[in-house]
Amino acid sequence: MAVVLTLRWAGVTPEQYDAMLDTVGWEKQVPDGLVLHVAWFEPGVMHVTDVWNAEGDFQRFFAERLAPAVQQVGLAGQPDVHFTPAHRRFVAPGAGGGA
């Protein structure tokens with residue numbers, strides 16, 4: 001079942017996020033099961049919303065690729081993460097690409 005991941009991580013900067021992106025390369029080597037990823041920042045807080053085909057897809061990605069990068073980049077603290085079953089998904093025609 002598709003899930004929506006919401007994540008809030010205090011203390012993570014845009015520069016650290018960009019270092020994670022460079023290290024993990026999820027835009028060049030898309031993880032199995034990832035449908036959508038959006039990240040944004042408020043002062044002192046990173047927010048992420050993802051859609052995954054299944055929670056297990058994210059858990060596998062986290063264990064195999066993301067967790068080692070978190071250590072390498074040196075992110076402090078722990079994120080507040082929630083999974084919610086997706087009710088419906090719609091992608092606007094022509095949507096795509098990064099940034």
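Two strands count as paired when DSSP finds at least two bridges between them. In this predicted model, strand β1 (residues 3-10) meets that condition with strand β3 (residues 45-52), to which 8 bridges join it. The two strands run antiparallel. Within this pairing, Leu7 stands opposite Val48 in β3.

Strand β1 also pairs with strand β4 (residues 80-85), again in the antiparallel sense, over 6 bridges. Here Val4 is the residue that stands opposite Thr84 in β4.

The side chains of β1 can be sorted by face. In a regular strand, side chains alternate between the two faces of the sheet. On the covered face of β1 are Val3, Leu5, Leu7 and Trp9. The uncovered face carries Val4, Thr6, Arg8 and Ala10.

Side chains of opposite charge can pair when their charged atoms come close. The structure holds 1 salt bridge, in which the side chains of Arg60 and Asp57 meet at 2.7 Å, N to O. Where do Arg60 and Asp57 sit relative to each other in helix α2? Helix α2 spans residues 55-73, and because Arg60 and Asp57 are 3 residues apart in it, about one helical turn separates them.

The two partners can also be described by accessibility. Asp57 has 14% relative accessibility and so counts as buried, the cut-off being under 20%. Arg60, at 44% relative accessibility, counts as partly exposed.

Note on methods: Residues are numbered from 1 along each chain as its sequence is written. This is a predicted model: local features need pLDDT of at least 70, side-chain atom pairs count only at pLDDT 80 or more; totals for chains, interfaces and linings use all residues. Side-chain values use heavy atoms; hydrogens and water are left out. Buried means under 20% relative accessible area, exposed over 50%, partly exposed in between (1.4 Å probe, protein chains only). Helices (H or I, at least four residues) and strands (E, at least two) are DSSP runs, numbered from the N terminus. A salt bridge is a side-chain nitrogen of Lys or Arg within 4 Å of a carboxyl oxygen of Asp or Glu.
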